[in-house]
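Please look over the sequence and the model shown here, and read the report below alongside them.

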Amino acid sequence: MELDGIIDWANKNIKAEYVEIRGEELSKLNIELKDGTFSTFTSLKSSGFGIRVLAEGAWGFSSTTKIEELKDAIEKAYKMAKAASRGRYEKIKLADIKIVEDEVKSKMKIKPEEVDVQEKVKRMKELEKELKKDKNVKSTRITYQDTSGTKVLYTSERTKIVWDMGYVWQYIWATGKNERGMAAARDEIGSVDMGWELFQEENTNKVSKRVLKKLNAQLNGVSPKRGEYPVVAGPIIVGIIAHEALGHLAEADLTINSPFRDLIGKQIAPEFVNMSDRIVENGFGNNVYDDEGTKIKDVHIIKNGILTEIMLNREYAARWGMEPNGHARAENYTVPPIIRMRNTVFERGDHSFEELVEGIKFGYYLVDFRGGQAELNSSFQVGVQEGYIIRNGELAESIKDTSISGIAIDALKQISAVGKDFGIEMGRCGKGQTAFVSSGGPHMRFDKGIVVGGQQ
Amino acid sequence: MNLINYGEKFFDELEIAKYKRKEVSVEVELNQISMSSTGDRAVTVIRGIKDKKLGIFIVDSDDEGEIKKGIEQAAKNAMANEKDEKWEGLPGEQKYNAPNIEINYEIKNASPDFFVNLLNEAIKDVRARDERAMVAGGAAGSSWLEMRISNSHGIDIMQEFGSTFMYLYVAGRAGNSVTPGIMDFDVRRDMQLDKDFVVSSILEKLKYAYNTKKSDKNVGNVVMEPLALAELLYFTLIPAISGERKVKNTTPLSDKVGQNVLDEKITIYDDPWHPMSTNPIIADDEGVAARVNKIFENGVFNGFLWDNYWGNISGYGSTGNGTRNLSTGGIGIGVHNLVIEGGKKSKEELMEDMEDGFLISGFQGAHSSNPDTGDFSVVANPAFKIENGKIVGSTVFMLSGNVYSLLGNVADISREQRKIVVMGNGVIPHMLFENLKIAPVSR
């Protein structure tokens, strides 16, 4: 393989501590159906190499689309590292990992490239038709995307991994209008482990019903009362709280600047609360190795209420004196890997849904979200696109667009019960780069700590 | 044979858009430079139409052979697509009216050493002036873009742009508590990045951020800083001025042209050539001539923005607002440089009469707003409490409302404007709002 020779050349000619070549050759399909018209019908060929060099204790990065320019790209990354080293007083070191040579095979049963494009088109049209059967739906945008191809990682330490990689992804935005006003609903599904078979499970009928439920709940909803109330959060909301409010603080590059830094090993939640970033069935963040070649391990972020582990790459593992756990991820070859979540979930408890809502005189049951964001001071915000009032322990009327907020380290202490069910949702996280992630968990009850925004 | 001629063998109409970007970036993590990177990337987008069927192909290359293969693949995509009976055609030849735009070629070959030095000095300054401050993140760098749009109707326009940027994200740690991260930045079309401004602006806020102030108010007067305002408008107002939504009747502005929609103090236009613009385009991503478009004048809604496709359908024609998504190759309607005219008072004067109010520097969750209705429910963070005209500490609170109600009742606008590049380009002032409903989050 040509890349072996280039690594040999780099080991001989570049005075670096570490050289990494990440290559990709991917074919993508992106189709967008907007109100009866396929407004984009695009295929894409993306191939290139991202080079990362650690020299004189600092990182340099470059990228190229041409294999014949790889040596130049390595030299450029080396020069970049030397330039960066002038701004460091503490040299970057990498924690050791087990060096592997491996080939990661796709788990997809029906690879998207095996499915005729006309079948994809047909499915999107069916989905649009089903959505528009509802007289309240005024506009829809359905995006379908799939990718397949090969990714490789070759390093100066002789890590050599070849991935047969791909994903399928579908995004829906539906706008509705009735006599009470306008509303919109978002729905997103995707998989790296399932191919076209995902859409056999998530058939057009199931997806459209889910979208319409969210949309009509808002169209017919009331404005929530703003303030702090008891909240029962469903798996999707629990997941986004796990991701936004806590997960980001447990990414080692952010932990170091967050309140979590001084809380590792301490009780931060009731002892029945457990939260992990781990491989889950059909998780959108699943993989075998990360983009530094580290085997992925489950990370028990909160264990019996104690902040226990954080997500690491090799650099931060060395800094913290811990073992890397496979959370270095890069969106594509044009950018270097950074610490990212994969599938962030609260673990099951033992309460039924009825027990969770029992005794709430006035509160909210929150089901689905539209976007969220966290800050270093552990303040979080989650936009809510499906929610209901709880009145005297019973679900009552739906609520309109709102969001929830809180200070995560305070809200955690207010979890009073954890359900015995479990669910996840697939989405994307933006931290400068986009990463496919999942988040989820069981239903959970927060007695306090969550502020509901509202125009009332 | 040129590539357009080659493509005409496969298509009735064809557009080839080449984007060649050269970037240098130096990043900061935890008070030190963490990485320096460089990238040269060419992306070519082929958009062709055959029998009113659209096909697009994107390739990471500007190589002629690759583009020819891309044209053939785009033709296959067009064959797989369905007829779009609304399709009228790609834009025709244009007369470009852009003023003379000075280009700084120094940016094209900017060295990483320049940005390493700049950031090193900035980190040193921050740490020297506040020993509790941590430069949690930041970056500085340059971006050079050469863009050529050609089509089979005679458009062939080449543009080049250079810009430099610098930002720092600083948090303070006092005991076990961490302040909200305070961010500030500078963006320029030359190499004269103002490091001192960025550092001073951050430290000025950080000194108040150590002192967390709880608010138990449910209603308050609020000054929004330009970045906070831009975040909110990007996800609420900007989508509503898209002509596509007008045609589909999914914007609250559908029947509001010529009507008073916003407070009469507000005038908003899209002006790529504003002296503070960082996006001085000659043509949009379809090669249509750029221009200044007044959107709201003294609160009155002037009209929608259009790309070529929706402009043709509506009969208004393109307003030069076609913007390309480089992930999909598709064209959407976008703003090039959103300018909100300044008022008469200084930003300090907006706060000086405030007995008990708030200053919002940024929002969390603006992206979860509802673009179809203008409803938002966001968290003000970083935000500061103002008492008797002075900042007294930081606070966190939720703000829920509707952008049309918000901008329909503006108490005042500052005369100072700031360049904004986050969430899109803009030139935005501070705004004062009275009696907004809030929900405190800080404990």
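## Charge and surface

In this predicted model, chain A carries 66 positive and 68 negative side chains, and the centres of these two sets lie 3 Å apart.

## Fold and packing of chain A

Chain A is built from 10 helices and 24 strands. Its radius of gyration of 23 Å is close to the 23 Å that the globule rule gives for 456 residues, so chain A is as compact as a globular protein of that length. The C-alpha trace of chain A spans about 70 × 55 × 35 Å along its principal axes.

Of the 456 residues in chain A, 66% are buried. Where contacts in chain A link residues at least 6 apart in sequence, 74% of them join residues at least 24 apart.

## Backbone exceptions

Most residues other than glycine have a negative phi, and most peptide bonds are trans. A:Arg158, although not a glycine, has a positive phi of about 80°, and this residue is found in the loop between β5 (137–155) and β6 (160–178) of chain A. With a relative accessible area of 35%, A:Arg158 is partly exposed.

In chain B, B:Asn31 is likewise not a glycine and has a positive phi of about 70°; B:Asn31 sits in the loop between β1 (13–29) and β2 (32–50). B:Asn31 counts as buried, at 10% relative accessibility. The peptide bond from B:Asn381 to B:Pro382 is cis, with omega near 5°, and B:Pro382 lies in strand β17 (residues 375–387) of chain B.

Conventions. Residues numbered from 1 in each chain as written. Chains lettered and ligands numbered in written order. Heavy atoms only, no water. Helix = DSSP H or I, 4+ residues; strand = E, 2+ residues; numbered from the N terminus. Rg over C-alpha atoms; globule rule 2.2 N^0.38 Å. Buried < 20%, exposed > 50% of the residue type's maximum accessible area, 1.4 Å probe, protein only. Contact = heavy atoms within 4.5 Å. Lys, Arg positive; Asp, Glu negative; His and termini not counted. Charge placed at Lys NZ, Arg CZ, Asp CG, Glu CD.
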